[in-house]
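The following exercises are to be worked with the sequence and the predicted model at hand. Each task is followed by a solution in steps.

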Amino acid sequence: MARPAFTIGIVQDYATADTAANVARAEKHVRDAARQGAQIICLKELFNAPYFCKAEQHDRFDLAEPIPGPTTQRMQALAKELAVVIVVPLFEREAAGIYRNSAAVIDADGTLMGSYRKLHIPDDPLYYEKFYFTPGDLTKGNGARDVPGFKVWETHYANVGVLICWDQWFPEAARITSLLGADVLFYPTAIGWHPAEKKEWGVTQVESWRTMQRAHAIANGVYVASPNRIGHEDEPGTDGITFFGNSFIADPSGRLVAAAGEEETVLIAKCDPAEIESTRRNWPFLRDRRVDAYGPILQRYLAE
């Protein structure tokens, strides 16, 4: 039986040090997306705070909260009111000394289905995430199809897979989440330019970021949606980061069906499972995979 089409929305916006204002702004955008017909809505990575990983500061752990907690509870009420699914990326405090870069998935009836915890943790200038985040591992969530580290949720409208930012550079993560049955891969993101590099590398960095994820859509025959943040965020002693936006939604052939620049916006796109079916029939990559030959991928490096 053919499954019905569904509509997704992604929110591209900025964040300030005013957490309450950030949450209120996100709620406004969720309501706007719902008015435009979105049934599944995803916010940006660490949506309710500035990107705090620009420096290693112990007091920034105070930004974390549990899941469930006050922000997820507010979003649960909003999801139930609007009858929408919301992906809520948060700095999660699991326990003393264990903090995660997570994304809670809330179904359209307000149920907190569970959360994905970012697996791939970067450590680069102004992206000091290894200081803050314990990598994800297997945690159970109601309604989740999962294997260690990866999850897909059977929501009211579609099967939703979530990965986070640095995960987007790893084809293995996209492949496994797609094999779990995802119709759409959401990649909530916080990526930007070091201002001194923008003139030389800015266009290349944006194009590489988009191309990598569009390739995931093509290789797996799924929709891909990536909401990024925007705006310049200062960090004492540095030039800060200018987050480049350019959020987008790609179809299973990798075509951009919605795309943003560097403005605050909500992107909306209709997604049809029939398009996934058609694409995979014509590009049967999943059929022709030689899973018996891929054992060496489990090694870090193979050359002597």
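**Exercise 1. Identify which residues form one aromatic cluster, and examine the pair of Phe61 and Tyr132.**

Solution. 
Step 1. The cluster consists of Phe52, Phe61, Phe91, Tyr99, Phe131, Tyr132 and Phe133. In total, the structure holds 19 aromatic pairs.
Step 2. In the pair of Phe61 and Tyr132, the ring centres lie 5.1 Å apart and the planes stand at 50°. An angle under 30 degrees would count as stacked and one over 60 as edge-to-face; the pair is therefore tilted.
Step 3. Phe61 belongs to the loop between S2 and H2, whereas Tyr132 belongs to helix H3 (residues 129-132).
Step 4. Buried means under 20% relative accessible area. Phe61, at 15%, is therefore buried, and Tyr132, at 2%, is buried as well.

**Exercise 2. Classify the aromatic pair of Trp166 and Phe170, and state how accessible each residue is.**

Solution. 
Step 1. The ring centres are 6.1 Å apart and the planes make 75°, and the pair is edge-to-face.

**Exercise 3. Determine where the buried residues of helix H4 (residues 171-179) lie on the helix, and what they pack against.**

Solution. 
Step 1. The buried residues of H4 are Ala173, Ala174, Thr177 and Ser178.
Step 2. Viewed down the axis of H4, these buried residues fall within an arc of 125°, and therefore they line one face of the helix.
Step 3. The spacing can be understood from a general rule: an α-helix has 3.6 residues a turn, so residues three or four places apart point the same way.
Step 4. The buried residues of H4 pack against strands S7 (150-154), S8 (159-162) and S9 (184-186), and against helices H5 (198-220) and H6 (273-282).
Step 5. After H4 comes Gly181, which has a positive phi, near 105°.

**Exercise 4. Describe the open sheet of six strands and the helices that pack on it.**

Solution. 
Step 1. The strand order is S5-S4-S3-S2-S1-S16, and the pairing is mixed.
Step 2. S5 (112-117) and S16 (265-271) are the edge strands; each has a single partner, so one side of each is left without a neighbour in the sheet. On average, neighbouring strands are turned by 30° against each other, direction ignored.
Step 3. Within the sheet, S2 (residues 40-42) and S3 (residues 85-95) pair in the parallel sense over three bridges. Cys42 stands opposite Val87 in S3.
Step 4. Helix H1 (residues 19-35) lies across S1 (6-12), S2, S3 and S16, and runs at about 35° to S16. Helix H2 (residues 70-82) touches S3, S4 (98-106) and S5, and its direction makes about 165° with that of S3.

**Exercise 5. Locate the largest nonpolar core and find what Ile8 touches.**

Solution. 
Step 1. The largest nonpolar core has 48 residues, and those with the most contacts inside it are Ile8, Ile40, Val162, Phe186 and Ile249.
Step 2. Leaving aside residues up to four places away in sequence, Ile8 touches several residues, including Ala38, Ile40, Val184, Phe186 and Ile249.
Step 3. Another core, of 21 residues, lies apart from the largest one; among its members are Ala38, Met75, Ala79 and Ile106.

Terms used. Residues are numbered from 1 along each chain as its sequence is written. This is a predicted model: local features need pLDDT of at least 70, side-chain atom pairs count only at pLDDT 80 or more; totals for chains, interfaces and linings use all residues. Side-chain values use heavy atoms; hydrogens and water are left out. Buried means under 20% relative accessible area, exposed over 50%, partly exposed in between (1.4 Å probe, protein chains only). Helices (H or I, at least four residues) and strands (E, at least two) are DSSP runs, numbered from the N terminus. The arc is that of the directions from the helix axis to the C-beta atoms. Contact means heavy atoms within 4.5 Å. Two strands pair if DSSP finds at least two bridges between them. Axes are lines fitted to C-alpha atoms, for helices over the stretch in contact, and angles run from 0 to 180 degrees between N-to-C directions. A nonpolar core is a set of buried Ala, Val, Leu, Ile, Met, Phe, Trp, Tyr and Cys residues joined through side-chain atoms within 4.5 Å. Rings of Phe, Tyr and Trp (its six-membered ring) pair if their centres lie within 6.5 Å; planes under 30 degrees apart count as stacked, over 60 as edge-to-face and the rest as tilted.
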